[in-house]
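Q: I'm new to this one. Can you walk me through it, a piece at a time?
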Amino acid sequence: TRLCLWSSGLGDVYKIQVEGTDRRLRGFGDYRKRLRSSVESSANYVVDLVDTLPEPVEISPGAYKSDARLRSFFASADRMREVFGGFTAVDDYLKNKQGLKPERVYGLLMMKWQEKRVLGMELQNEIVKRDVLQVTYNFFNHIFIGPTDDEEETRWEVKTRAFDFMVEQALERIVQAQGKRGQLKEQKRLLEQKLELMKAGDWGFRALQAGSGDPSPDPAPLEKDIDTIESSLQGLSADSGSVEGNFDHINETLGNPAACLSRRDLSITLDDMLVKRDPNAGGRLNQLDLLEFYSANGERWIALNGWIATSDLPRKKDFLDEASRYLG
């Protein structure tokens, strides 16, 4: 079963790493010793990566006018509210939260982004020029990761997501290394199925591929399917070098965590139409200082550590209430 936290030290991290890749590795008595270096390297890296995130900022329609990042991420304050309504992770958290409803929900706002070259119009020396090559930016597929009512707890949740994402990459490497004949081919098929189920569970950062409006999957049936796959894998012979070779794939992947997941600061200047401009150009410009997460496999996300006031979340429609109003 997938763990949400490694709260009892490195022991749980070992379990996440093995459970997320190939449980048969536990059949080797020295598996912890063989994974120790990559476990410590990746766990310490994730802790530092998240602990050094900037302090959370307000993400709200009220802050929209004063924060150029929010004006770039969302077409309008109303559009921001619409996006908030699609944050199913926030809905799930508040639904399961015991006691009074918190005033704030902390989390990591993440989104995909794209640079695109287009032909547009530009004013040069008071003359409008057409078909000018421009670079425009687009921010989309917003999600809110690790929502809680406590900043430190949210950072912990983000650490778990980051580690899950790296474990998925280790499993991808194992899948790619599987052979093409006989039993190895069956191993590859089963591991591919497991990888797809892990991605479907929104346990890393993969939810960004689908968009914020998709419902959160129920983890219980996904974990049951993964257990079924694990049982099939256990039924295969583990005496070949293919299983033992997975130690190398995990260590090579998680022993270099910066290749799995890194972050960097970006500074870009945009106008109100999200067209890239020279910082020294005249007119109304927005200087954006952004934080980007990226992976060696080419995935890139913009992230903003922040909080949302629960009063800014759109009220969910109650079907029975709506039906009663309709029927009079």
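Q: How many bridges join E5 to E6, and which way do the strands run?
A: This is a predicted model. In it, four bridges join E5 to E6, and the two strands run antiparallel.

Q: Which residue stands opposite Phe293?
A: Trp301, in E6.

Q: And what is between E5 and E6?
A: Five residues, and the two strands form a hairpin. In the turn, Gly298 has a positive phi of about 100°.

Q: How many bridges join E4 to E5?
A: Nine. E4 covers residues 262-270, E5 covers residues 286-294, and they run antiparallel. Within that pairing, Ser267 stands opposite Asp289 in E5.

Q: Switching to rings. How many aromatic pairs does the structure hold?
A: Five. One of them is Phe84 with Phe87. Their ring centres are 5.8 Å apart and the planes are at 40°, so the pair is tilted.

Q: Are Phe84 and Phe87 buried or exposed?
A: Both are buried.

Q: Which cluster do ring pairs link them into?
A: One with Phe144: ring pairs link Phe84, Phe87 and Phe144.

Q: What about Trp113 and Tyr137, how do they pair?
A: They are stacked, with 5.7 Å centre to centre and 10° between the planes. Trp113 is in strand E2 (residues 104-124), while Tyr137 is in strand E3.

Q: Why does Trp113 count as buried?
A: Because its relative accessibility is 10%, and buried means under 20%. Tyr137 counts as buried too, at 5%.

Q: Where is Thr136?
A: In strand E3, residues 127-148. Thr136 is buried, with a relative accessible area of 18%.

Q: What is Thr136 in contact with, beyond its neighbours in sequence?
A: Leaving aside neighbours within four places, its contacts are Gln114, Glu115, Lys116, Val118, Leu274 and Val275.

Q: Back to rings. Which charged end sits over the ring of Trp307?
A: That of Arg104, 3.7 Å from the ring centre. Another case is Arg34, which lies over the face of Phe247 at 4.1 Å from the ring centre.

Q: Phe247 is in helix H10, then. Which residues of H10 are buried?
A: Asn246, Phe247, His249, Ile250, Thr253 and Leu254 are buried in H10, which spans residues 246-254. They cover an arc of only 165° around the axis, so they are on the same side of H10.

Q: Now loops. Where is Tyr64 found?
A: Between strand E1 (57-58) and helix H3 (68-73). At 11% relative accessibility, Tyr64 counts as buried.

Q: What does Tyr64 touch?
A: Not counting residues up to four places away in sequence, Tyr64 touches Leu70, Arg71, Phe74, Ala75, Ser76, Ala77 and Met80.

Q: Last one. Where does Lys316 lie?
A: In the loop between strand E6 (300-309) and helix H12 (319-327). Lys316 counts as partly exposed, at 44% relative accessibility.

Q: What is Lys316 in contact with?
A: Gly85 and Asp91, leaving aside neighbours within four places in sequence. Lys316 and Gly85 are 231 residues apart along the chain, yet their C-alpha atoms are separated by 7.9 Å.

Conventions. Residues numbered from 1 in each chain as written. Predicted model: local features only at pLDDT ≥ 70, side-chain atom pairs only at ≥ 80, totals over all residues. Heavy atoms only, no water. Buried < 20%, exposed > 50% of the residue type's maximum accessible area, 1.4 Å probe, protein only. Contact = heavy atoms within 4.5 Å. Phe/Tyr/Trp six-rings, centres within 6.5 Å; stacked < 30°, edge-to-face > 60°. Lys NZ or Arg CZ within 6 Å of the ring centre and 35° of its normal. Arc of directions from axis to C-beta. Pairing = 2+ DSSP bridges.
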